[in-house]
Amino acid sequence: MRVCMLLHKSVANDTRVRREAGALAGAGHEVTIVHLPPPDADPEVPGLPAATVPATLGRGRRRMPHPVRLGIEAARLGLRAGATGPDVVHAHDAAMLLPGMLAARKARAKLVYDSHELATGVPYRRGAWPAVVSGVERLGAPRADAVITVSDGIATRLSERYPLRRPPTVVRNLPDLPPPRAAPAPDLRLELAIGEAPLVLHQGAAAPGRGCEVLLAALGLMPDAHLLFLGAEGGYADRLRSTARGQGLEKRVHMLPPVSPETLLSYTAQADVGVSLLEASCENHRLALPNKLFEYLAAGLPVVVSDLPETGKLVRERGVGWCADPSDPEAVATALRSALAQRGEEGLRERVARAAAELSWERERPRLLSLYEDLASDR
């Protein structure tokens with residue numbers, strides 16, 4: 001089948017979209033991705049087994065009011081996707097539902113809605129946007145021929161909210177093992193000048209609601225440990241630096257910008273414990289299974305996570321880490337001390353290795369391919 005994926009940003013660093021496109025292309029489907037790369041980006045995305053079609057506005061886009069630009073780019077995405085002649089339009093996230101419906105109608109194709117999060121439950125949408133997102137999803141999700149999402153909890157919520165044509169298919173954000181085109185990272189301990197000191201890793205964007213400031217306070221209770229924010233940049237990263245200075249932690253708090261997907265796990269593996277401290281500030285956080293959790297396990301790290309329904313259940317069932325209240329620095333510090341003290345124990349290493357082998361894209365990929373086999377049969 002001809003599959004056209006729609007994405008409201010660049011596909012270059014979106015590992016989920018790249019993995020799904022690779023799986024479908026490997027199964028014999030012809031995949032095209034219509035996306036929004038920066039206007040000056042290289043049109044070729046290295047290592048991507050799919051054609052790409054940019055829909056980004058060029059000159060003058062920055063002078064447009066934000067809603068106007070979003071509307072024009074959404075229309076361009078939908079029209080260009082429809083022009084590829086797809087059998088299936090695969091819309092990534094709620095922002096692509098309306099363009100996806102437009103493309104599917106134009107091409108008389110099936111529509112797949114891939115919900116990377118609980119769109120109606122995220123905390124950063126303000127003003128009229130929550131109502132807009134809710135309306136779009138209420139309109140589009142029941143019209144989709146299939147719905148995909150990232151956790152059982154979110155799948156349950158979508159089924160409760162909308163009269164879907166079939167139950168959602170859960171395709172989790174699991175990493176490739178070994179990662180394709182794996183690239184080595186520099187020696188982090190040498191680069192950060194920390195020697196053999198314990199290294200705690202927070203991977204991915206640093207942002208409000210992710211327990212970053214509580215993590216700094218917990219570090220203050222652990223005088224020998226260092227903390228690395230890998231992927232921290234922008235204004236919130238500056239705020240964390242200022243907080244670390246105010247607490248006298250500037251020599252033990254390190255920040256590095258995002259790295260390529262090909263290099264990521266080589267960085268991750270050099271830490272001692274991985275942290276994911278989503279706060280229970282919204283329903284999306286409560287039901288999330290963050291990418292970083294699986295990446296830590298793939299790199300051989302035990303984890304410390306928020307004691308939330310999805311993350312807590314996975315960590316407890318598999319015995320690969322510790323759960324803590326993400327609002328309590330003492331609880332987080334206690335969990336981190338336990339993780340650092342036991343990280344070398346054989347039983348823990350074996351459980352982490354077993355979880356990494358089981359929670360891999362190789363085992364998750366058949367869920368996506370099975371759904372597409374069903375869609376092909378329906379045609």
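Arg157, Glu160, Arg161 and Glu283 are linked in a network of salt bridges, a salt bridge being a side-chain nitrogen of Lys or Arg within 4 Å of a carboxyl oxygen of Asp or Glu. The model is a predicted one, in which local features need pLDDT of at least 70 and side-chain atom pairs count only at pLDDT 80 or more, while totals for chains, interfaces and linings use all residues. Residues are numbered from 1 along each chain as its sequence is written, and side-chain values use heavy atoms, with hydrogens and water left out.

Arginine 157 lies in helix α5 (residues 152-161) and glutamate 283 in helix α10 (residues 283-286), so the pair ties together parts that are 126 residues apart in sequence. Helices (H or I, at least four residues) and strands (E, at least two) are DSSP runs, numbered from the N terminus. Arginine 157 counts as partly exposed at 23% relative accessibility, and glutamate 283 is partly exposed with a relative accessible area of 23%; here buried means under 20% relative accessible area, exposed over 50%, and partly exposed in between, with a 1.4 Å probe and protein chains only.

A search of the whole structure finds 22 salt bridges, and two further examples involve buried residues. The side chains of aspartate 145 and lysine 110 meet at 3.8 Å, N to O; aspartate 145 lies in the loop between α4 (129-140) and β6, and lysine 110 in strand β5 (residues 110-115), so the pair ties together parts that are 35 residues apart in sequence. Aspartate 145 counts as buried at 16% relative accessibility, and lysine 110 is buried with a relative accessible area of 15%. In the other example, glutamate 20 and arginine 16 meet through their side chains in a salt bridge of 3.4 Å, N to O. Being 4 residues apart in helix α1 (residues 15-26), glutamate 20 and arginine 16 are separated by about one helical turn, and both of these residues are buried.

Strands β5 and β6 also belong to an open sheet of 7 strands, whose order is β3-β2-β1-β4-β5-β6-β7 and whose pairing is parallel; two strands pair if DSSP finds at least two bridges between them. The edge strands of this sheet, each pairing on one side only, are β3 (51-54) and β7 (169-170).

We can turn next to a pair of helices. Two packed helices are described by the angle between their axes and the distance between the axes. Helix α2 (residues 66-83) and α3 pack at an angle of about 30°, with their axes 8 Å apart, where axes are lines fitted to C-alpha atoms, for helices over the stretch in contact, and angles run from 0 to 180 degrees between N-to-C directions. That makes α2 roughly parallel to α3, since angles under 35 degrees count as roughly parallel, over 145 as roughly antiparallel, 65 to 115 as roughly perpendicular and the rest as oblique. The contact (heavy atoms within 4.5 Å) is made by residues including Ala74, Leu77 and Gly78 of α2 and Pro99, Leu102 and Ala103 of α3. The buried residues of helix α3 (residues 97-107) are Leu97, Pro99, Gly100, Met101, Ala103 and Ala104, and just after α3, arginine 108 takes a positive phi of about 55°.

A further open sheet is formed by 6 strands in the order β10-β9-β8-β11-β12-β13, again with parallel pairing. Its edge strands are β10 (253-256) and β13 (321-324), each of which pairs on one side only, and neighbouring strands are turned by 25° against each other on average, direction ignored. Strand β11 (residues 273-276) and strand β12 (residues 303-306) pair in the parallel sense over 3 bridges, with valine 275 standing opposite valine 304 in β12. Helix α9 (residues 261-268) lies across β8 (199-203), β9 (226-230) and β10, running at about 155° to β8.

Glycine 319 is placed in the loop between α12 (309-318) and β13, and this glycine is partly exposed, with a relative accessible area of 22%. Leaving aside neighbours within four places in sequence, glycine 319 is in contact with Leu348 and Arg351.
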